[in-house]
Amino acid sequence: MDIEDKWRASFAEAQKHFKTADHMAFVSFSILNENRLMIKIIGELAVATSNLIKAFLYYEAGFTRVKLYKDPQRNLKTFM
């Protein structure tokens, strides 16, 4: 899998989790009115954000503007 496929896959995964969180917030939460559902929504948004950061780093690495590491903490530091 080349770098372009990786950033497209990460972006698609982020979209999937964001759509799930959106559905949970505006459909499921309004019907069920369960506060515990908010924890699931925030979890989905966290996963979506993580995948967006990965997609951005892969995209920039494709143009050799950043260097990617095997350590996720170093990659987060690179993003910051």
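User: Which helix gives the most to the lining of the largest pocket?

Analyst: Rolling a probe the size of a water molecule over the atoms shows where empty space is left. On a 1 Å grid over the protein atoms alone, a pocket is an open set of points where a 1.4 Å probe fits, with protein on both sides within 12 Å along at least five of seven lines, and lining residues have an atom within 4 Å of a point. Here α2 gives the most to the lining of the largest pocket, with five residues, and both α2 (36-62) and α3 (72-79) supply at least two; helices are DSSP runs of H or I with at least four residues, numbered from the N terminus. This is a predicted model, in which local features need pLDDT of at least 70 and side-chain atom pairs count only at pLDDT 80 or more, while totals for chains, interfaces and linings use all residues. Residues are numbered from 1 along each chain as its sequence is written, and side-chain values use heavy atoms, with hydrogens and water left out.

User: What is the volume of the largest pocket, and how do the residues of its lining divide?

Analyst: The volume, taken as the space filled by probe spheres set on the grid points, is about 210 Å³ for the largest pocket. Its lining divides into six nonpolar residues, three polar and one charged, and includes Ile-53, Lys-54, Tyr-58 and Pro-72.

User: Which residues form the nonpolar patch on the surface?

Analyst: Patches are made of residues with over 30% relative accessible area and no salt bridge, like charges being joined within 9 Å and nonpolar side chains (Val, Leu, Ile, Met, Phe, Trp, Tyr) within 5 Å. Phe-26, Val-27, Ile-31 and Leu-32 form the nonpolar patch, with about 450 Å² of accessible area together, computed by the Shrake-Rupley method with a 1.4 Å probe. Ile-31 belongs to helix α1 (residues 3-32) and has a relative accessible area of 66%, which counts as exposed.

Notes:
Salt bridge = Lys/Arg side-chain N within 4 Å of Asp/Glu carboxyl O. Buried < 20%, exposed > 50% of the residue type's maximum accessible area, 1.4 Å probe, protein only. Nonpolar A, V, L, I, M, F, W, Y, C, P; charged D, E, K, R; others polar.
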